[in-house]
Amino acid sequence: MKNKKVQRFLKRILDILASGTGLIILSPVILYYVHKISKEMGRPVFYNRLRAGQFGKAFKLYKFRTMTDAKDKEGNLLPDGERLTELGKKIRSSSIDELPQLWNVLIGDISLVGPRPLLLDYVTLYNKEQKRRLDVSQGITGWAQINGRNSLTWEQEFAEKVGSKHAAALSSGTAAIQMALMAAGVGEGDIVFCPTLTFSATANPIIYQRAVPVFIDSDYETWNIDPDLLEEAFEKYPDVKAVIIVHLYGLSADMDRIMDICKKHDVVIIEDAAESLGCTYKGKYTGTFGDYGIFSFNGNKIITTSGGGMLVSDNEEKIAKVRFWATQARDKARHYQHSELGFNYRMSNIVAGIGRGQLKVLDDRAAKKKYIFEFYKSELGAIQGISFMPDNEWNRPNYWLSCITLNDTKVKPLDIMQALEAENIESRPIWKPMHMQPFFEKYDFIGTDVSQKLFENGVCLPSDTKMTDSDLYRICMIIKGLFE
Ligand SMILES: Cc1ncc(COP(=O)(O)O)c(C=O)c1O
């Protein structure tokens, strides 16, 4: 005991000497960046966030500011990637933004060596073993971090990125939808509203839960669920357990109207943001408006772990319950005991590690996807009859796929797909609506022919971020050739 006290004392002395010396030696560098940042972004120069220190005690961890407070027209903060300044990027990549933490060491909030301090909100997510990291002084380095770090850090990083409080990493986006339905209490015979224009993975989990889907048509403004039809659906089915909202092809649905309608009917909202990671509606990430949001890291998504999904929610209890169901619903007992039906839906630690790496490239990918979309628009936009997917003022898409529709043209979607295929280039039709699918056609559908028209007239153009300008140019030439 006495030994430990001496050790702690010596460590503290070492911290004070090292951080004090560090601050003195590095003061020209620190002053230089204080000057540069205040010139570029104004004050404050430092950014702080509440972290958990030893024994969970809250403290403010200081860093250099790397992002502006840029807002859109409605006054909502722009996504992180667009607020990060050029200087911010540089100082982040060289870790210079971490220098102000020497001050935290000097005043005793943290030590030089120890596990990285967690965001205060996340402490409650840790189990007993993981909470042991709080027994010691937190540190600038991560040397003392304990096992299980990958999946927890990945969940935290992901939740932080999209602006949700909690996240559960799962084996797929489909599993995440099923878990969200279970968390919403959806069971046998319950009605669930679902957009008809989507991939079947949105609707399948409704059937897994033995519930009953009611499909709703899209509008041309968003290609997503039509809010007027949603209202109509509530008139027909006042007792609805949950509504699934999809943000198709990285375009957000009209969330203000949808949220108003759903709140009026006091129904659980599940957002299927499988295709829209990085897309914002009025500055807020899609997937974070409803009670639950789901994301997919399937091979074709904007970032991928080869396969995987994430469920986000501000409801900590529900996320804990999902983690429990997803790990075979094993009760807290030494022997193997199960009081509920379990699933093997948890994401593995190795896959989570890949996700952490992928999250770092999300903003770059979205920027390249936007570039691809704009390239197509500038090359093909002038062709009579070609329309691009809708670009609303409040919508900042991730441009997952660049999609077009052909209106009254002699060239049909199949002509484009076949001409590209002849050159070994893959393109796809727009999703075939669920109410037109043999498996789902027996369920009710509310709407007209909007999604059907989008399906019949639409093409998803090649949108891989590895494409070069000459690849894009070649694709445009093939398409233009068909209209000549
Ligand atoms: C709209 C939509 N929802 C759900 C999913 C399911 O995700 P996953 O493939 O990870 O199960 C996908 C993609 O595959 C999708 O495009």
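**Figure 1. Buried residues of helix H12 in the predicted model.** In this predicted model, helix H12 spans residues 316-326, and Lys318, Ile319, Val322, Arg323, Trp325 and Ala326 are its buried positions. Viewed down the axis of H12, the buried residues fall within an arc of 165 degrees, so they line one face of the helix. Their packing partners are strand E4 (166-170), helix H8 (173-183) and strand E12 (309-313). After H12 comes Gln328, which has a positive phi, near 65 degrees.

Figure 2. The ligand has 14 residues around it, of which Ser172, Gly173, Thr174, Ala201 and Ser296 come nearest. Two elements, H8 and helix H9 (200-208), each give two or more residues to this shell. Sorted by class, the shell consists of eight polar, four nonpolar and two charged residues. Helix H8 is also among the elements against which the buried residues of H12 pack.

**Figure 3. The four-strand sheet and helix H14.** Four strands form an open sheet in the order E13-E15-E18-E16, and their pairing is antiparallel. At the edges are strand E13 (386-388) and strand E16 (428-429), each of which pairs on one side only. Helix H14 (residues 362-380) packs on the sheet and touches E13, E15 and E18. The direction of H14 makes about 30 degrees with that of E15.

**Figure 4. Pairing of strands E15 and E18.** Strand E15 covers residues 402-406 and strand E18 covers residues 458-461. Four bridges connect the two strands in the antiparallel sense. Cys403 has Cys460, in E18, as its bridge partner.

Figure 5. Ala233 belongs to helix H10, which runs over residues 227-236. Ala233 counts as buried because it has 26 C-beta neighbours inside 10 Å, where the cut-off for a buried residue is 20 or more. Leaving aside residues up to four places away in sequence, Ala233 touches Phe193, Val214, Ile216 and Ile446. Gly447 is 214 residues from Ala233 in sequence, yet the C-alpha atoms of Ala233 and Gly447 are 9.3 Å apart in space.

**Figure 6. The cis peptide bond between Arg43 and Pro44.** Arg43 and Pro44 are joined by a cis peptide bond, with omega about 0 degrees. Most peptide bonds are trans. Pro44 is located in the loop between helix H2 (27-41) and strand E1 (46-52).

Figure 7. Although Trp223 is not a glycine, its phi is positive, about 65 degrees. Most residues other than glycine have a negative phi. Trp223 sits in the loop between strand E6 (212-216) and H10. Trp223 is buried because 26 other C-beta atoms lie within 10 Å.

Figure 8. Asn424 is not a glycine either, and its phi is positive at about 65 degrees. Asn424 is exposed because it has 6 other C-beta atoms within 10 Å, and the cut-off for an exposed residue is 12 or fewer.

Methods
Residues are numbered from 1 along each chain as its sequence is written. This is a predicted model: local features need pLDDT of at least 70, side-chain atom pairs count only at pLDDT 80 or more; totals for chains, interfaces and linings use all residues. The arc is that of the directions from the helix axis to the C-beta atoms. Two residues are in contact if their C-beta atoms, placed from the backbone, lie within 7 Å. A residue is near a molecule or strand if its C-beta atom, placed from the backbone, lies within 6 Å of it. Ala, Val, Leu, Ile, Met, Phe, Trp, Tyr, Cys and Pro count as nonpolar, Asp, Glu, Lys and Arg as charged, and the others, Gly among them, as polar. Two strands pair if DSSP finds at least two bridges between them. Axes are lines fitted to C-alpha atoms, for helices over the stretch in contact, and angles run from 0 to 180 degrees between N-to-C directions.
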